[in-house]
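Dear colleague,

Please find below the structure that I am handing over to you. My notes on it follow directly after.

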Amino acid sequence: MAEFLTALYSNPSWVFIALGGVLLIIELLGTGGYSLWSGISAFIVGSLAWIVPFSWSMLWILFAIFTLLTDYVWYLWLKRKDKSKRGVSNQPQRNLWDDFWDTLVDLLS
């Protein structure tokens, strides 16, 4: 067991690559997207750790930064996607918002 922990401590890149794989597997269970971007961030940090040796604390800080960054980009993408479909009804012949206003005007008059 001590050899295993020593191997993990001496190879942080594999820890983050494995963490990315676990998070992507969790995403397959249907968490709604958050684990996807955290998993991608873990892969990015693992790749960086493989190329450039960082301390463990720096790797966790990078993981947090990349997770926040990728989640924010995902939020902006979803916001833009929702804006493009705003006002589109799945039943165009029955626009409920217009019905609501027509009913409200009828009640107030």
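Leu 5 is partly exposed, with a relative accessible area of 48% (buried means under 20%, exposed over 50%, partly exposed in between, with a 1.4 Å probe and protein chains only). Leu 5 lies in helix H1, residues 2-10 (helices are DSSP runs of H or I with at least four residues, numbered from the N terminus).

The model is predicted: local features need pLDDT of at least 70, side-chain atom pairs count only at pLDDT 80 or more, and totals for chains, interfaces and linings use all residues. Residues are numbered from 1 along each chain as its sequence is written, and side-chain values use heavy atoms, with hydrogens and water left out.

Helix H2 covers residues 12-28, which makes 17 residues. From its first C-alpha to its last, H2 reaches 25 Å, close to the 24 Å expected at 1.5 Å a residue (the expected span is 1.5 Å times one less than the number of residues). Its buried residues are Pro 12, Ser 13, Phe 16, Gly 20, Leu 23 and Glu 27. Seen down the axis of H2, these fall within an arc of 110°, so they line one face of the helix (the arc is that of the directions from the helix axis to the C-beta atoms). The face turned away from the buried side of H2 carries the exposed residues Trp 14, Ile 25 and Leu 28. After H2 comes Gly 30, with a positive phi near 95°.

Ser 41 belongs to helix H3, residues 34-51, and counts as buried at 0% relative accessibility.

Yours sincerely

Notes. Helix = DSSP H or I, 4+ residues; strand = E, 2+ residues; numbered from the N terminus.
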